[in-house]
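Here is a short briefing on how two chains of a predicted model are placed and how they meet. The structure comes before the notes.

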Protein chains: 2
Amino acid sequence: MEAALRLLDQVGLPDLTMRRLALELDVQPSALYWHYANKQTLLAEVSNAIVAFTRPAGAADNWQQKVLREALNLRDALLAFRDGAEVVSSTLALGLGASDAVSRIEKSIALTDSKLVKAAAESIVFLVLGSVWHEQQRMQANSLGVADNLLDEINAPARNLEVGLELIIAGLNEAKVKA
Amino acid sequence: MEAALRLLDQVGLPDLTMRRLALELDVQPSALYWHYANKQTLLAEVSNAIVAFTRPAGAADNWQQKVLREALNLRDALLAFRDGAEVVSSTLALGLGASDAVSRIEKSIALTDSKLVKAAAESIVFLVLGSVWHEQQRMQANSLGVADNLLDEINAPARNLEVGLELIIAGLNEAKVKA
DNA sequence: ACCTGAACACCGTTCAAGT
DNA sequence: ACCTGAACACCGTTCAAGT
């Protein structure tokens with residue numbers, strides 16, 4: 001798994017193949033199947049490792065600020081590995097892992113309506129994943145010599161994400177007022 | 001492209017291969033490369049077709065309601081094709097299409113701050129894509145005989161999505177009050 | 001303009017057999 | 001317990017050549 005995470009960061013998801021990983025480990029491809037049932041299972045563990053890389057959000061003035069920080073720390077963890085967001089998105093969609101990402105956000109929302117909290121946490125994670133996935137693809141495209149667009153748009157994904165997060169948090173805040 | 005969309009709905013994304021598509025069209029695989037530069041380009045057009053399937057949201061009492069309806073209509077379009085959300089997610093991430101989804105939502109948000117509107121629309125699309133992707137994988141897993149869980153959880157994705165959307169809309173509403 | 005034939009350089013996975 | 005060897009059943013893509 002550690003070798004897989006390293007290889008992912010070096011060559012990207014499309015080139016992270018079982019055969020190439022075996023080569024890296026000086027082993028036959030078939031040997032990997034003693035340790036993992038299949039590639040998806042391996043990727044699920046890689047995904048969990050990426051999410052676990054999320055740095056803890058220290059103390060905050062209020063839970064609204066803590067939720068925002070927790071989400072941005074998840075963003076940083078995804079950005080720390082090439083194609084991190086795509087790997088975690090797939091794993092989460094398949095229901096094979098990455099659920100720690102949701103539960104961390106969930107815990108930081110200090111409201112009592114547990115269904116609301118769960119839905120909000122899931123929404124926040126989808127938002128972060130979508131934003132970073134988009135951003136990582138764009139980074140790669142630009143590094144491959146595709147003429148980068150207006151300088152104005154370089155930090156756009158980060159700002160857009162923060163706006164989206166703040167909208168959700170503002171919505172939660174109003175729900176709190178109502179209750 | 002029409003054949004590809006049909007095949008996607010029949011066999012799912014993992015089995016939508018160029019070779020299988022060629023078989024369906026009674027043609028050699030290489031023939032497809034006269035019409036499309038590569039598989040991604042073809043998938044981008046499939047993705048656009050799925051998004052174009054979104055039914056128009058008629059008149060509404062207010063823009064808040066219209067935004068909600070537009071998002072749920074996008075949801076329905078994605079659900080209308082097997083693995084629809086995954087296909088559109090990838091295409092959008094790669095920046096190869098599906099941008100109509102964002103601009104439709106954008107137009108339905110009747111606020112003047114264009115940066116805010118854009119960020120909100122993008123957030124809503126990420127939310128819908130993440131939710132439906134998750135839901136479609138779960139549908140497939142269940143249909144493959146994986147013991148389906150508590151009946152309570154069957155409609156959970158749909159409700160969670162609506163909650164998330166309402167939080168964003170509530171946030172937008174407050175932004176409007178401030179302005 | 002559109003397609004075939006043939007090839008290139010790969011994939012994930014299984015499974016008997018080895019140590 | 002862990003790995004090799006060999007195979008199975010595939011992939012996406014290119015490109016000369018055909019009509």
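The same surface serves both copies, since 100% of the contact residues of chain A recur in chain B.

Extent of the interface
- In contact (heavy atoms within 4.5 Å) are 29 residues of chain A and 29 residues of chain B.
- About 2600 Å² is buried between chain A and chain B, with 66% given by carbon and sulfur atoms; buried area is the accessible area (1.4 Å probe) that two parts lose on being put together, summed over both.

Make-up of the side of chain A that touches chain B
- Helix 6 (84-94), helix 8 (114-143) and helix 9 (156-178) of chain A each supply at least two residues of this side; helices are DSSP runs (H or I, at least four residues), numbered from the N terminus.
- Helix 8 of chain A gives the largest share, 13 residues.
- By residue class, this side holds 14 nonpolar, 10 polar and five charged residues, with Gly counted as polar and Asp, Glu, Lys and Arg as charged.

Basis of the values
- Residues are numbered from 1 along each chain as its sequence is written, and chains are lettered from A in the order in which they are written.
- In this predicted model local features need pLDDT of at least 70, side-chain atom pairs count only at pLDDT 80 or more, and totals for chains, interfaces and linings use all residues, while side-chain values use heavy atoms, without hydrogens and water.
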